[in-house]
Amino acid sequence: MGFIPEEISKGKMRVVLLAGEKVLVEQHRGLIGYETEQILFRMSNGMLMLEGQQMVITSFGAFDAVVEGKIRCVRLEEDEE
């Protein structure tokens, strides 16, 4: 049996920023809002906010998405418990 990363086996989110030009969002729970300067994803523990310029979603699946553009800010706002 092979190694399964924790973010997959436990449904934890993973966000990968590549040189301020591309963001890979894994384990999202849906899109809340989409504009070229702000994109909001629902996450299991809150909301992920991407801010920048000329952002576009180049790939969108049930659990992962890719955003490209000039990414300036990646912020997680966790739900209060």
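Which residues are linked in a network of salt bridges? The residues E51, R75 and E77 form this network, where a salt bridge is a side-chain nitrogen of Lys or Arg within 4 Å of a carboxyl oxygen of Asp or Glu. The model is predicted: local features need pLDDT of at least 70, side-chain atom pairs count only at pLDDT 80 or more, and totals for chains, interfaces and linings use all residues. Residues are numbered from 1 along each chain as its sequence is written, and side-chain values use heavy atoms, with hydrogens and water left out.

**Overall architecture**

- The protein contains 1 helix and 6 strands; helices (H or I, at least four residues) and strands (E, at least two) are DSSP runs, numbered from the N terminus.
- Along the sequence, these elements occur in the order α-β-β-β-β-β-β.
- The protein has 81 residues, of which 31% count as buried; buried means under 20% relative accessible area, exposed over 50%, and partly exposed in between, with a 1.4 Å probe and protein chains only.
- Among the contacts in the protein with a separation of 6 or more, 39% come from residues 24 or more positions apart; a contact means heavy atoms within 4.5 Å.

**Surface**

- Accessible areas come from the Shrake-Rupley method with a 1.4 Å probe; for residues, only the protein chains shown count as cover.
- L31, Y34, V56 and F60 make a nonpolar surface patch of about 350 Å². The elements that give two or more residues to this nonpolar patch are β3 (31-34) and β5 (46-60).
- Patches are made of residues with over 30% relative accessible area and no salt bridge; like charges are joined within 9 Å, and nonpolar side chains (Val, Leu, Ile, Met, Phe, Trp, Tyr) within 5 Å.
- Y34, a member of the patch, is placed in strand β3 and is partly exposed, with a relative accessible area of 42%.

**Salt bridges**

- Side chains of opposite charge can pair when their charged atoms come close. The structure holds 4 salt bridges.
- R14 and E26 are joined by one of them, with an N to O distance of 3.1 Å. This pair links distant parts of the chain, since R14 belongs to strand β1 (residues 14-18) and E26 to strand β2 (residues 22-26), 12 residues apart. R14 is partly exposed at 34% relative accessible area, whereas E26 counts as buried at 18%.
- K22 forms a salt bridge with E68, and their closest N and O atoms are 3.8 Å apart. This pair also links distant parts of the chain: K22 is in strand β2 and E68 in strand β6 (residues 64-78), 46 residues apart. K22 counts as partly exposed at 33% relative accessibility, and E68 counts as partly exposed at 30%.
- E77 and R75 meet through their side chains in a salt bridge of 3.4 Å, N to O. E77 is partly exposed at 34% relative accessibility, and R75 is partly exposed at 35%.

**Backbone angles**

- Most residues other than glycine have a negative phi, and most peptide bonds are trans.
- A19, which is not a glycine, has a positive phi near 55°. A19 lies in the loop between β1 and β2 and is exposed, with a relative accessible area of 71%.
- Q54 is not a glycine either, yet its phi is positive, at about 50°. Q54 is part of strand β5 and counts as exposed at 57% relative accessibility.
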